[in-house]
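This briefing sets out selected features of a structure with its sequence. It is arranged by topic for a reader who wishes to follow each point in the coordinates.

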Amino acid sequence: MSLDTVENAAKTPDVELPWAELGLKKDEYERVVEILGRRPTGAELAMYSVMWSEHCSYKSSKIHLRQFGEKAPQSDALLVGIGENAGVVDVGQGYAVTFKVESHNHPSYVEPYQGAATGVGGIVRDIIAMGARPVAVVDPLRFGAADHPDTKRVLPGVVAGIGGYGNCLGLPNIGGEVVFDACYQGNPLVNAGAIGVMRHEDIHLAKASGPGNKVIMYGARTGGDGIGGASILASETFDDAKPSKRPAVQVGDPFQEKLLIECTLEAFAEKLVVGIQDLGAAGISCATSELASNGSGGMRVELDDVPLRDSTLSPEEILMSESQERMCAVVEPEKVARFLEICEKWDVIATVIGEVTDGDRLEIFWHGEKIVDVDPRTVAHEGPTYERPYARPAWQDALQADDANKLPRPSTSDELKQQVLALVSSPNQASKKWITSQYDHFVQGNTVLAQPEDSGMIRIDEESGLGVAIATDGNGRYAKLDPYHGAQLALAEAYRNVATTGAKPLAISDCLNFGSPEDPDVMWQFVEAIRGLADACQILGTPVTGGNVSLYNQTGEAAIHPTPVVAVLGVIDDVARRTPVAFSEEGQLLYLLGDTREEFGGSAWSQVVHDHLGGLPPQVDLERERLLADILISASRDGMVDAAHDLSDGGLIQAVVESAMLGDKGARLIVPDGLDAFTFLFSESAGRAVVAVPRSEELRFTDMCGARGLPATRIGVVDGDAVDVQGEFALSLEELREVHEATIPALLA
Amino acid sequence: MTARIGVVTFPGSLDDRDTQRAIRLAGAEPVALWHKDKDLKQVDAVVLPGGFSYGDYLRAGAISRFSPVMESVVDQAKAGLPVLGICNGFQVLTEAHLLPGAMLGNDHLHFICRDQKLRVENTDTAWTADYTAGQEIHIPLKNMDGRYVADEHTLDMLEAEGRVAFRYVGFNPNGSLRDIAGITNEAGNVVGLMPHPEHAVEPLVGSGRTDGLPFFTSILKKLVAAS
């Protein structure tokens, strides 16, 4: 086909374009024609189709996501909010921290290694684009049933991909989750989060301003990988009848990305950059239209100047390519030479591909002919928005009525003991060491805490000991039972996990993983979850700084459990005061903080013992979460606790077993008055933690809890080499460790 | 008077900063060296840090070994300059034939990151004098290609000459022959090991131990004594 220029498009209004194949709906295509006042060129159609995809435009979610802004709590910490590459938070002492979680779900199912690897690459470029040095990554992962044969294909590839990319970049992997549930069969969730650190004055934004400034593309050459990835891969479900989409997954080159990090940071340090954007989904289409749109609007690009890996690529393909490890910087003309010199030093290819103009059009040329002439705002920000219909599912009442509290409970001590063993060895509660040992958590030399701690913690200032903590959590089972409260429980758990390590929660990022928005049941789950999160953020005082929405996680009619994953970022003045999970000293007193109720809906116990999902998730009391966090932070700062562990899935027994095994110190537990042993051990009531208190601090600690109104119940003591629930059973650490650590290798190794 | 210890940054080096910190904590002065620069800036010793130089493409260490800086490192190492290669640095040293043998992919085919128990077998090298012979230490290990191999003759020679400097204890994490974790050259100035002593120098971060610090204090004492 001959080149489809703007001029040609104006002259040939009746040419049929493959808008449907590119993922546009009929009315969307008509809207493009209306905006342009003519039919689009092939290149323009490529840009609109990819930028108006669900993945890039958030067309189904946008009207709901606004709540995060409208309900945002007052926070002095927020420096940059939603809408930029990543949010930025003030952590004091002149430091700012940027962080974000994103999904790379669909590509990771198609090609686990590269899908997961490029997920890490993409989130890290978002962090660099803000001006920050990346300091850590985290990976919340969800797979189908642990014993399903396809899990054995997907999981090892995903883990190797995350490790292969992140390890080679030199970023410690300090946290995340691994969850198995049959609902993720065919739709694994591969979410990736990253944290970066910078000084306040170094914050950079994705904005092309200043006519005459040059647009420089640097990093990898552009190839044919990932073409249409954004519009096709992320927006439709996988259907066996369709041809394989394997070639649409991008291939990562972590070495190139490492060079990109170093050369970008060097350019920032010399103040050479006016605006910057990474090339992720929708490649050059996205980067040029967003940079121009966020600036004054005008930009002229010579597409011939883009360095190519494959010289046969058409201009449309170049615009859509999602080749990895590429960035776009806007640089003042007199600084271009120095910018190119730094790229040369790092052996990074860099090319001026265009400049900022004083108009308000994005114009792209190919062989001297104009092939794109658009208002960049219509591409980047004024895509369609949908008010998808939603309604509470007809089955929701029946699901909630199927009360887990009525499931048969263990009737003898021995049965109780067997259920504890079944729990701690179940794939979701078992040790994930086989996975996490494939990630480097030492590199950069600032890792204070890493998985399996409650939150990952990184020192950011060697002198003062200032540090940041991050925890990611989500519980699709809770959210399925009640998406509003399920989303709040995800936030509450991550918030609590940050606080148990002694850090103060500041802000959140979220990755919202759901099924098809075209299904009113799923859309209801989505709307409820957002409402729940926004409301909870208001009460906890933690603004949403950004994140990502992943829809269409479903195969046929079967959607995944609604799975909002929340990352909470916290700050700690001195990492020397952090509180680890492990019991460290015999004789220390164990206190259970918070209220324990009979709450088994969505619990790990109901899943492991009864393969059951029904009833209601644990109650949410956000004021209580706040109080608990305050107490945990104070206790950590003042040296009143030596170990702390959040209570969540698996309840108290899971937490105590983990702390005991990690510290290689046993525990004697006494069932407190008013509770039966089963509820004491397995309940998943929220707003709780278990802490180990040195005897010398007991009075001070209980006084503090008493004065602030937080229930603190003495439940035992760190002692021996077994977890001994008095009057019920004792399990040696050796036996516990054996079953806890054997499960995952047996399934996957 | 302190010692100046160079740390080479190859493209893809990752633990260069950590190594500089470890050198500083030991009381010496770290000096950044650049792979394209033959000038060793008159340092008293050189560390080739861990990482994935050139992405480990082709073969770990195979490309870095041709860097301009390595010409100087090889020349001066032969003349007695103390050189420590950590992980990827060890791989570069074998590729550069400053140390015998080679590194293959881990036998289990996975990247492995763990706090590894080692036994110090040789305390006569420039980098190990602050340990006691037979001392057992924990040093973080993290690699994809850490399986040390050499022919039987070379292995026997290394053993006979006491040039196995470190051995894995309890668990061989990568299938290295004879549990070898680190070796030295005949003169004892060049040492290579897979584990990362720079990640065990502060009680608060990394492995939470300081078992790696003696690498850096050993060399500092030696250099200060010689000056």
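The model is a predicted one. In chain A, six strands form an open sheet of mixed pairing. Chain B touches chain A through 24 of its residues, and a UniProt record places an active site at three residues of chain B, namely Cys87(B), His196(B) and Glu198(B).

**The sheet of chain A**

- The strand order across the open sheet is S14-S15-S16-S21-S17-S18 in chain A, and the pairing is mixed.
- Strand S14 (447–449) and strand S18 (544–550) of chain A form the edges, each pairing on one side only.
- From one strand to the next, the twist averages 20 degrees.
- Strand S17 (residues 504–513) of chain A runs parallel to S18(A), and five bridges join the pair.
- Within this pairing, the residue of S18(A) that stands opposite Ile508(A) is Val544(A).
- Helix H19 (residues 483–500) of chain A packs on the sheet, where it touches strand S16 (467–473), S17 and strand S21 (563–572) of chain A.
- The direction of H19 makes about 25 degrees with that of S21(A).

**Helices H16 and H23 of chain A**

- Helix H16 (residues 413–425) and helix H23 (residues 651–663) of chain A have axes that come within 10 Å and cross at roughly 65 degrees.
- H16(A) is therefore roughly perpendicular to H23(A), and the crossing of these two helices is right-handed.
- H16(A) contributes Val420(A), Leu423(A) and Val424(A) to the contact, while H23(A) contributes Ile653(A), Gln654(A) and Val657(A).
- By class, the residues of the contact of H16(A) with H23(A) comprise five nonpolar, one polar and no charged.

**Helices H20 and H22 of chain A**

- The axes of helix H20 (residues 520–540) and helix H22 (residues 622–637) of chain A come within 9 Å, with a crossing of roughly 45 degrees.
- H20(A) and H22(A) are therefore oblique to each other, and H20(A) passes H22(A) in a right-handed crossing.
- Ala536(A), Ile539(A) and Leu540(A) of H20(A) meet Leu622(A), Glu625(A) and Arg626(A) of H22(A).
- The residues of the contact of H20(A) with H22(A) divide into four nonpolar, no polar and two charged.

**Contact between chains A and B**

- On chain B, 24 residues are in contact with 25 residues of chain A.
- Helix H1 (16–26), strand S6 (112–120) and strand S7 (136–143) of chain B are the elements that each give two or more residues to the side of chain B that touches chain A.
- S6(B) supplies the largest share of that side, three residues.
- The side of chain B that touches chain A holds eleven nonpolar, seven polar and six charged residues.

**Annotations from the record**

- An unreviewed UniProt entry assigns the feature "active site" to Cys87(B), His196(B) and Glu198(B).
- These residues are spread over 112 residues of sequence but cluster in space, with a largest C-alpha distance of 11.0 Å.
- Cys87(B) lies in the loop between strand S4 (83–86) and helix H3 (88–95) of chain B.
- For chain A, an unreviewed UniProt entry places the feature "domain: Phosphoribosylformylglycinamidine synthase linker" at residues 21–59.
- Over residues 21–59 of chain A, the chain is 64% helix and 0% strand, and the end C-alpha atoms are 19 Å apart.

Note on methods
Residues are numbered from 1 along each chain as its sequence is written. Chains are lettered from A and ligands numbered from 1 in the order in which they are written. This is a predicted model: local features need pLDDT of at least 70, side-chain atom pairs count only at pLDDT 80 or more; totals for chains, interfaces and linings use all residues. Two strands pair if DSSP finds at least two bridges between them. Helices (H or I, at least four residues) and strands (E, at least two) are DSSP runs, numbered from the N terminus. Axes are lines fitted to C-alpha atoms, for helices over the stretch in contact, and angles run from 0 to 180 degrees between N-to-C directions. Two residues are in contact if their C-beta atoms, placed from the backbone, lie within 7 Å. Ala, Val, Leu, Ile, Met, Phe, Trp, Tyr, Cys and Pro count as nonpolar, Asp, Glu, Lys and Arg as charged, and the others, Gly among them, as polar. UniProt positions are given in the numbering used here, feature names are shortened, and annotations may be inferred rather than shown by experiment. Angles under 35 degrees count as roughly parallel, over 145 as roughly antiparallel, 65 to 115 as roughly perpendicular and the rest as oblique. A crossing is left-handed if the near helix is turned anticlockwise from the far one by less than a right angle, and right-handed if clockwise.
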